[in-house]
Amino acid sequence: MSLLTEPLPRTTAAPGPVPDLADADRKALTKKDTAAEHPTWCPGCGDFSVLALYYKLIEKRKVWHEKICTVAGIGCSSRFPYFVQAHGTHFIHGRALPYATGISISRPDLHVFVFGGDGDAFSIGGNHFNHTARKNVKLTYVVMDNHVYGLTKKQTSPTSPLGFKSKTDVWGSTDRPINPMKQAIAAGATFVARATATNIPHLLLMMEAAMDHDGFSFIECLSECIEFYPGAFDAANPRKGGAFNQVPADHDVTDEYAAYKLADAEGSGVFGLFYKVNRPTKNANEAKLIAETRSKQGDLADWQILKKNFDRMK
């Protein structure tokens, strides 16, 4: 006997926000409240800064445990969910974005943050990056780009520069590296920014702006791997003789062509908000589709609608 021949305890309501807890006046979370396991990165890793600012962001914006969701794939930076006391998932390599998409669409009340590295985001996960951007899913994606595979001990990554010597390119890489900023803009991301783990105030500003954006917000954060590519971003670090060059004050963030040209800057490039536009999100489009479909089904429960669809396919 099919399970669909009997009523199941399903809700008739469409997925939506979970009601807030009664205590609306509770104190903001502190790092002590939000921190979980102790980070296991190498001392001096730039990922420590990003994690510290994530704690700070949660505290500053007064986001509660049950309203946070942290998702990551595989890699050094992708261990974020272990270190945050809230909803979170350490998902499979390169597949964090489609998983986070399901969370974002089914739980619009959550702040969904995805963290990853250059290999996880642009190699095995490159296809998912493009499609999540073009669909404009409402979530924040922070990629800690160190230009090398660090967890597996120094292989060439998609963003490693020409000539980079690694275990997979002992004579120096001859493959042209991808440009994450260009890729994000061309794919259709509606919020594209670059930051660095060595400029804490600026990175926090970018994370706050990304969190507030209604759509797919992407931040490329340069995060030095001190074990396998030390000094990779010294040119952007004033403390090491470099220069932190920011997006020009007169830059029009709605100008896609201008943003694309900014992404061509030499070296470590410029930092700040490159591109930001408003466009209907995947979340809004799906919610509209669900509402329109349900309006045609009368008072049928979810299981009854599902059964009708299965019957139609027989």
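Select W41, F48, Y54, F80, F83, F113 and F115: ring pairs link these residues into a cluster. Rings of Phe, Tyr and Trp (for Trp, the six-membered ring) count as a pair if their centres lie within 6.5 Å; planes under 30 degrees apart are stacked, over 60 edge-to-face, and the rest tilted. The model is a predicted one, in which local features need pLDDT of at least 70 and side-chain atom pairs count only at pLDDT 80 or more, while totals for chains, interfaces and linings use all residues. Residues are numbered from 1 along each chain as its sequence is written, and side-chain values use heavy atoms, with hydrogens and water left out.

**Aromatic pairs**

The structure holds 16 aromatic pairs. Keep Y54 and F115 selected: this pair is edge-to-face, with 4.9 Å from centre to centre and 65° between the planes. Y54 lies in helix 2 (residues 47–60) and F115 in strand 3 (residues 111–117), so the pair ties together parts that are 61 residues apart in sequence. Helices (H or I, at least four residues) and strands (E, at least two) are DSSP runs, numbered from the N terminus. Are Y54 and F115 buried or exposed? Both Y54 and F115 are buried. Here buried means under 20% relative accessible area, exposed over 50%, and partly exposed in between (1.4 Å probe, protein chains only).

Next, select F91 and Y99. Their ring centres are 4.3 Å apart and their planes stand at 25°, so this pair is stacked. F91 is partly exposed at 26% relative accessibility, and Y99 is partly exposed at 30%.

**Nonpolar cores**

Now go to V114. The largest nonpolar core has 33 residues, and V114, L139, Y141, F216, F218 and F274 touch the most other members. A nonpolar core is a set of buried Ala, Val, Leu, Ile, Met, Phe, Trp, Tyr and Cys residues joined through side-chain atoms within 4.5 Å. Which residues is V114 in contact with, leaving aside its neighbours within four places in sequence? They are V71, A96, L97, A100, L139, T140, Y141 and V142, where contact means heavy atoms within 4.5 Å. Another core, of 32 residues, lies apart from the largest one. In soluble globular proteins, nonpolar side chains tend to be buried together.

**Salt bridges**

Charged side chains are the next stop. The structure holds 14 salt bridges, each a side-chain nitrogen of Lys or Arg within 4 Å of a carboxyl oxygen of Asp or Glu.

- Select E208 and R61, whose side chains meet in a salt bridge (3.3 Å, N to O). E208 lies in helix 7 (residues 200–212) and R61 in the loop between helix 2 and strand 1 (68–72), so the pair ties together parts that are 147 residues apart in sequence. E208 counts as buried at 12% relative accessibility, whereas R61 is partly exposed at 29%.
- Select K67 and D109, which form a salt bridge with the closest N and O atoms 2.9 Å apart. K67 lies in the loop between helix 2 and strand 1 and D109 in the loop between helix 3 (96–106) and strand 3, so the pair ties together parts that are 42 residues apart in sequence. Both K67 and D109 are buried.
- Select D302 and R294, where the closest N and O atoms of the salt bridge are 2.6 Å apart. D302 is partly exposed, with a relative accessible area of 22%, and R294 is partly exposed with 22%.

Then select K60, R61, E208 and D212: salt bridges that share partners join these residues into one network.

**Positive phi**

Most residues other than glycine have a negative phi. Select K62, which is not a glycine and has a positive phi near 55°. K62 is in the loop between helix 2 and strand 1 and is partly exposed, with a relative accessible area of 40%. Where is N136 placed? N136 is in the loop between helix 5 (126–135) and strand 4 (139–145). N136 has a positive phi of about 60° although it is not a glycine, and N136 is buried, with a relative accessible area of 0%.

**A surface patch**

Finish with L306, F310 and M313, which make a nonpolar surface patch of about 310 Å². Patches are made of residues with over 30% relative accessible area and no salt bridge: like charges are joined within 9 Å, and nonpolar side chains (Val, Leu, Ile, Met, Phe, Trp, Tyr) within 5 Å. Accessible areas come from the Shrake-Rupley method with a 1.4 Å probe; for residues, only the protein chains shown count as cover. L306 is found in helix 10 (residues 302–313) and counts as partly exposed at 37% relative accessibility.
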